[in-house]
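Reader: I'd like to learn how to read a model like this one, feature by feature. Could you walk me through it?

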Amino acid sequence: MSDLIARQNQVIAPLFAFEADDEVVASEGSWVMTRAGRRLLDFTCGIAVSNLGHQHPHVKRAVIEQVNQVWHSGSTFRYRSLVDWAENLRDVTPEGIESFMPMNSGAEAVEGAVKLARKTSGRQGVIAFRGGFHGRTMGSVSYTTSKAKYRQGYHPLVGSVFISPYPWPFRWQMDQESASARALDELDYLLKHEVTPGEVAAFLVEPMQGEGGYYPGGKTFLQGLRDRADEHGILLIMDEVQTGFGRTGDWFTSQVYGIRPDILAMGKGIANGLPLSAFGASKELMDSWPMGSHGTTYGGNPISCAASAATIEALRDVVPNVDKLSDHAFDRWHELKDRHRTIGDVRGLGLMIGIELVKDDGHTPSEEAYLAVGKHALDNDLLILPCGPDVNVIRFIPPLNVSTEELDTGIDILADALAAYERQ
Ligand SMILES: Cc1ncc(COP(=O)(O)O)c(C=O)c1O
């Protein structure tokens, strides 16, 4: 055990699951460099955060400029980077999302979004979807069902939260349309049997599930939610903490599908690694929330806002290219699926691709396969992460400005890993 790990074990809670034991001392673009001199291709983006890679020059310049001006306000005085940031954000968020509340983490963005919905509607019910991940705070974990383990030991959770199925075509062994119809039927049963629509403040949904296994929601399902929200005066909250900022091929997945959210929760890629999150809504909805109903000390930190404004500027050149990279990656993954019996399913949008690893029956999840593939990848200098309740789905999330050559290097390493696993 290295000296650093031994020291860490004495003073840091054992809750982090570090993929690599290596100490990283430098980073650039898609790569991180270790103290021992290894170069690791980082296809984790720090859990889908550094979408522009490490040390992006435009973001770095903005951070340094802001460091030289002011670091913290805590809403005691005004500063420009907050407004510059929000204006940049308004340019890229879905139509109608035009006023923003900055927070620090994805969980806080979700909490704020739900509080806004409850306060302004006067209703208390929230319907979330099975397999969703919305964070770890008591409120957000009450909406989270990607793994029962995340909730274990924390009951009673926040009340008046109802969970309805999300379409999972591969798990249910049906096509996307049939899975959407089934999920919407179940939602209608829930509204008939468990809670009346008039008591529901919000639907809270990821337009593509992240932690839950990289399942795209599909247009039919999300349109079904929009229609029911309109019919019953329910607010549609899209949690785009993981799917936002170009990850799925447009700025937000709600734009990919053309479904309008009433409230949008954002985080992760928003500032390419500096701590910031936000929720946004129409100006009318946000303005109907009286001062003091919600607040934050650190949210909207001047440095994080400067980083985010610069991230959005830099992404303007990057987002239009995501579809091309995505087509290349999907072509390669579909071809690998034909060759490898361990790949049960390849699914996703943009550069958010899930590769589901299965046993020989072609369907049963195989965590063992993921562990072997993940280890082989790390031994060959590629960092990846898993997702899904069975920890058997490769989360393929390279930086959005990755070169085609780097993309191929990562896929080649994973192809070798699959071949080695199947030879065993
Ligand atoms: C969709 C989604 N919502 C919320 C969160 C919580 O974000 P954070 O860990 O920043 O609180 C995550 C984190 O993975 C997420 O993927």
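Author: Here is a short tour, from domains to sheet, ligand, hairpins and a single residue.

Author: First, some ground rules. This is a predicted model, where local features need pLDDT of at least 70, side-chain atom pairs count only at pLDDT 80 or more, and totals for chains, interfaces and linings use all residues. Residues are numbered from 1 along each chain as its sequence is written.

Reader: Which domains is the protein chain divided into?

Author: Domain bounds come from an automatic or database domain assignment. Here you get domain 1 (3–55 + 320–423) and domain 2 (57–315). Their C-alpha centres lie 25 Å apart.

Reader: How many residues of domain 1 are in contact with domain 2?

Author: Two residues are in contact if their C-beta atoms, placed from the backbone, lie within 7 Å. By that test, 28 residues of domain 1 are in contact with 30 residues of domain 2. On the domain 1 side, strand 13 supplies the largest share, 5 residues. Helices and strands here are DSSP runs numbered from the N terminus (H or I, at least four residues, for helices; E, at least two, for strands). By class, that side of domain 1 has 12 nonpolar, 11 polar and 5 charged residues. For the classes, Ala, Val, Leu, Ile, Met, Phe, Trp, Tyr, Cys and Pro count as nonpolar, Asp, Glu, Lys and Arg as charged, and the others, Gly among them, as polar.

Reader: What is the strand order in the open sheet?

Author: Strands of a sheet pair through backbone hydrogen bonds, either parallel or antiparallel. Two strands count as paired if DSSP finds at least two bridges between them. This open sheet of 7 strands runs 4-12-11-10-7-5-6, with mixed pairing. Strand 4 (99–103) and strand 6 (161–164) are the edges, each pairing on one side only. The twist averages 20° from one strand to the next. Zooming in, strand 4 and strand 12 (residues 277–281) pair in the antiparallel sense over 5 bridges, and Ser99 stands opposite Ala281.

Reader: Which strands does helix 5 lie across?

Author: For angles, axes are lines fitted to C-alpha atoms, for helices over the stretch in contact, and values run from 0 to 180 degrees between N-to-C directions. Helix 5 lies across several strands, including strand 4 and strand 12, and runs at about 25° to strand 12.

Reader: Which residues come nearest to the ligand?

Author: A residue is near a molecule if its C-beta atom, placed from the backbone, lies within 6 Å of it. Of the 15 residues around the ligand, Ser105, Gly106, Ala107, Val241 and Gln242 come nearest. Helix 5 (residues 106–121) gives the most to this shell, with 3 residues. The shell divides into 5 nonpolar, 7 polar and 3 charged.

Reader: Where is a positive phi found in the hairpins?

Author: In the hairpin of strand 1 and strand 2, with 2 residues between the strands, Gly29 takes a positive phi near 55°. The hairpin of strand 2 and strand 3 has 4 residues between the strands, and there Gly37 has a positive phi near 95°.

Reader: Is Val402 buried or exposed?

Author: A residue is buried if 20 or more other C-beta atoms lie within 10 Å of its own, exposed if 12 or fewer, and partly exposed in between. Val402 is buried because 25 other C-beta atoms lie within 10 Å. Val402 and Ser30 are 372 residues apart in sequence and 6.5 Å apart in space, C-alpha to C-alpha.
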